[in-house]
Amino acid sequence: MIDNHSRPHPETSAAEPVRILIESSEYWLRNHGDLAMLDVTIARLRQRWPEAQIGVLTDVPHLLRSYYPAAQGITSSNTNPWADPSAFDDVVASLGPQIVGPVALGWARFRGWFPRKTRGARRRLTRLTRHHLLSDQTAESSASDSAVAAQRPIRPGTAAAIDGASLVLALGGGYLTDSDYTQAHRVLNLLEYACDRGVPTAMVGQGLGPLNDPVLQRRAAEVLPRVGFFALRESLRGPAILQRAGVSNSRVLVTGDDAIELAYADDVAPIGSDIGVCLRDANYAPVSQRARDTVRRVVRAAAAEYESTLVPLIVAEYRSQDRRSTLPIVRDSTAWVAPLPRYTSRKRIVERVSRCRVLVTGAYHLAVFALARGIPVIALSSTEYYDDKFRGLEDMFGGGLTLLHLDDPALESKFTNALHQAWQQPDNVRESCREAAREQIRLSREAFEHVYALIEPARSEPR
């Protein structure tokens, strides 16, 4: 357990400012899916409390400021996290992410290079030692790493930000899962610290699991029942995980993904003619060379048959993740367009998606954008983690998504058939997806009313 040196959180009066601390899970601001949820959240908070201070935990505060001039980036080393923005911060906000991004990320990489190399060498040495000492290295290593993450202390800047906050809000993401135990423990530790100090907490837009790591399960059972409110983006796995952790059903609402509101449009756009493509290849979503070749052949053949343009859609920009795996699929085909620049807006990505007739994706949030517009999705998965993401999304929309496994021996024929069927998807399925999007937006807004209520009654009570 973490020694949090608990102390009561100071009372908040109506005269004191609202301060919302956001844990967005994406400290480098390089994933447009996570940023889409942040877009919606900051807009909602600003609409509710126009004068509130909105702080976002990040490793690149100037990039955060350039994306969101109405918010402030808070790092783990901040000595005065809630200080008013400086004149320099205002200049950064005016420059925009295209200018600020490369400089901010370059500096962050340089600043963190030596500590990161040291930590990496230490981990490699520890695992090498375990290889010779442990009979079951994989299981023991995972459990030990998870236990170390659970003991990691709250950094001073983060602690100071929590101490001065009116509310700690953990945004959606797939980080409460075995495959991301370091981030999962970081969020659980942060929430526990806030709860110990009487700071209200909430988690919204959450996609939970798989969650089988015993240390992580134990930490979840210790922390999650203390969180004030939960909004889940799916109903197939998340509610059961919270129930197992001891969370009361009265504090849980299944809403769908908050980013749906960013993508949805009331006007019914004409059916597009492009084929959107994103192949996610990462250590948590591996793709074999055979699967890459199959995806390349099938989407190019479909584009030629339908005289369609291939559109690469990039979500994860960290280390050019989606660019490295997606551009070879479409580059030099008969008709394709160049990808959007690295520091683009989520609105521009949604605009590209809206021109598609079919979306092929291994990235979850692109599927969210497409289904919110009534565009059929062919989802590509190689892990249980992504199976859960896409099945939960399909369940929330009641269809419109076909899940394919990249290790399926019959991938080529199934993929070809799925593309043809998606191309011919009837209008009633498209409208059904749009209706599901409207309902999820309603539920998501309702969930935020529960979040607001965590602090508003306390602020209106007389002393």
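The second largest pocket in this predicted model has a volume of about 300 Å³. There are 15 residues lining that pocket, and the ones closest to its centre are Pro61, Gln72, Gly73, Asn78 and Asp89.

**The pocket lining**

- Two elements each give two or more residues to the lining of the second largest pocket: helix H2 (61–67) and strand S3 (72–74).

**Trp49 and Tyr452**

- The structure holds 10 aromatic pairs, and one of them is made by tryptophan 49 and tyrosine 452.
- Their ring centres sit 5.3 Å apart with the planes at 75°, so this pair counts as edge-to-face.
- Tryptophan 49 is in the loop between helix H1 (32–48) and strand S2 (53–57), while tyrosine 452 belongs to helix H17 (residues 427–453), so the pair ties together parts 403 residues apart in sequence.
- Are these two buried or exposed? Tryptophan 49 is buried because its relative accessible area is 10%, under the 20% cut-off, and tyrosine 452 is buried too, at 5%.

**Tyr284 and Tyr386**

- Tyrosine 284 and tyrosine 386 have ring centres 6.2 Å apart and planes at 15°, so this pair is stacked.
- Here the loop between strand S8 (274–278) and helix H11 (289–306) supplies tyrosine 284, and helix H15 (residues 384–397) supplies tyrosine 386, so parts 102 residues apart in sequence get tied together.
- Tyrosine 284 is partly exposed, with a relative accessible area of 28%, whereas tyrosine 386 counts as buried at 4%.
- These two tyrosines also belong to one aromatic cluster, made up of Tyr284, Tyr385, Tyr386 and Phe390.

**Gln321, a partner of Tyr284**

- Which residue's side chain makes a polar contact with the side chain of tyrosine 284? That's glutamine 321, at 3.2 Å.
- You'll find glutamine 321 in helix H12 (residues 321–330).
- Glutamine 321 is buried, since its relative accessible area of 14% falls under 20%.
- Leaving out residues up to four places away in sequence, glutamine 321 touches Arg280, Asp281, Ala282, Tyr284 and Ala316.
- Take Asp281 from that list: aspartate 281 is 40 residues from glutamine 321 along the chain, yet their C-alpha atoms are separated by 7.2 Å.

How values were computed. Residues numbered from 1 in each chain as written. Predicted model: local features only at pLDDT ≥ 70, side-chain atom pairs only at ≥ 80, totals over all residues. Heavy atoms only, no water. 1 Å grid on protein atoms, 1.4 Å probe; cavity = no way out; pocket = protein on both sides within 12 Å on 5 of 7 lines; lining within 4 Å. Points joined across faces, edges and corners; volume = space filled by probe spheres on them. Helix = DSSP H or I, 4+ residues; strand = E, 2+ residues; numbered from the N terminus. Buried < 20%, exposed > 50% of the residue type's maximum accessible area, 1.4 Å probe, protein only. Contact = heavy atoms within 4.5 Å. Polar contact = N/O pair within 3.5 Å; in protein donor to acceptor, adjacent residues only side chain to side chain. Phe/Tyr/Trp six-rings, centres within 6.5 Å; stacked < 30°, edge-to-face > 60°.
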